[in-house]
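I have opened a notebook on this structure and record below what I looked up. The entries follow the order in which I made them.

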Amino acid sequence: SSVLIEVNHLKKHFPVGKNKMLQAIDDVSFHIHRGETLGLVGESGCGKSTLGRTLIQLYEPDSGEIIFDGQKLNSNAGVTERREYTRKMQMIYQDPYSSLNARMTVMEIISEGLIVHRPGLLKEERRRRVIELLELVGLSPKHVNRYPHEFSGGQRQRIGIARALAVEPQFIVADEPIAALDVSIQAQIVNLLKQLQREKQLTYLFIAHDLSMVKYISDRIAVMYLGQLMELVHSEELYRRPLHPYTEALLSAIPIPDPRLELSRERIVLQGDVPNPITPPSGCRFHTRCPKVMDICSTVQPQFTEAAPYHYVRCHLYGSKEVVACPE
Ligand code: SF4
Ligand code: MG
């Protein structure tokens, strides 16, 4: 199958205080093709990182299913089986300053996964492998015995990428990997990720908090709000013909460098803050801020629907028939 990862009706809530649940992910369905980059965009706190972490099994979902490379992941899997699929799914973190252990050398950081997943490697082979990885991400073999503080932010993110690649994953969740970097460095890291994707046939979930950079790396983009996907479509189409009012608002907030796409887009300023995910609004979760809100919106929750071919949206403006999450 051309699909590497399929997610059906995934739900993950966290208990907070007494008898309350934070609805981090609620009824999320989508799939990612092999070699594809799916961008995942939404304001902070909407559940993007939780979704990424749940996909790679750092959190166990409450319900719903994750099918990875044709295999349904479950928490009852044996140690060996679990280790094998967690090897195939790695993460690149947002903050290259805090995500690398300051007391470990580059050699130790990158070889950690190798020690777990390739226990048969001799020390010398491991060293050779780490040096190969450094070269792959644009660092030098002479960096191998240095510590994270000796590197710039961009170089540290390269170390984080080398660490993720060490165990030869198929799928990488990149959680805002450029958000903490200088603008001048961001494009370098995005280009490196693209190049590595081509060379290693990697599949990415690329998380971002706005729609400005994500366009350059994503084949398709999913927009998330308060724990739910609101829209999912091919990138070009999302920028050209957004359907969901929330996507329209996010798009109106970024400058458009391509004048052909300049659709006299007016800035849409959303009223109010993002509601508390412990008590999300009834009906459509966006209804308290939506410029196009209708009567039905506060009482009936819209379904995630294929409103146009391959264009998914959760909004009453586009009907509400439910669709299969993974059309092939
Ligand atoms: Fe707005 Fe209603 Fe659509 Fe929600 S369902 S986005 S409130 S129009
Ligand atoms: Mg986050």
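Which residues in helix 3 meet which residues in helix 5? I found that V106, I109, I110 and G113 in helix 3 meet I159, A162 and R163 in helix 5. For contact I took C-beta atoms, placed from the backbone, within 7 Å. Helices (H or I, at least four residues) and strands (E, at least two) are DSSP runs, numbered from the N terminus.

I note that this is a predicted model, in which local features need pLDDT of at least 70 and side-chain atom pairs count only at pLDDT 80 or more, while totals for chains, interfaces and linings use all residues. Residues are numbered from 1 along each chain as its sequence is written, and chains are lettered from A and ligands numbered from 1 in the order in which they are written.

**Helix pair.** I looked up the axes of helix 3 (residues 106-117) and helix 5 (residues 153-165), which come within 7 Å and cross at roughly 30°. Axes are lines fitted to C-alpha atoms, for helices over the stretch in contact, and angles run from 0 to 180 degrees between N-to-C directions. Helix 3 is therefore roughly parallel to helix 5, a term for angles under 35 degrees. The residues of this contact divide into 5 nonpolar, 1 polar and 1 charged. Here Ala, Val, Leu, Ile, Met, Phe, Trp, Tyr, Cys and Pro count as nonpolar, Asp, Glu, Lys and Arg as charged, and the others, Gly among them, as polar.

Strand 9 (residues 220-225) and strand 10 (residues 228-234) run antiparallel and are joined by 6 bridges. I also noted that A222 has L232 in strand 10 as its bridge partner.

Strand 1 (residues 3-16) pairs with strand 2 over 10 bridges, and H13 stands opposite Q23 in strand 2.

**Ligand 1.** I found 14 residues around ligand 1, the closest being C284, H287, C290, C297 and C315. A residue is near a molecule if its C-beta atom, placed from the backbone, lies within 6 Å of it. The shell has 10 nonpolar, 3 polar and 1 charged residues.

Note on methods:
Angles under 35 degrees count as roughly parallel, over 145 as roughly antiparallel, 65 to 115 as roughly perpendicular and the rest as oblique. Two residues are in contact if their C-beta atoms, placed from the backbone, lie within 7 Å. Two strands pair if DSSP finds at least two bridges between them.
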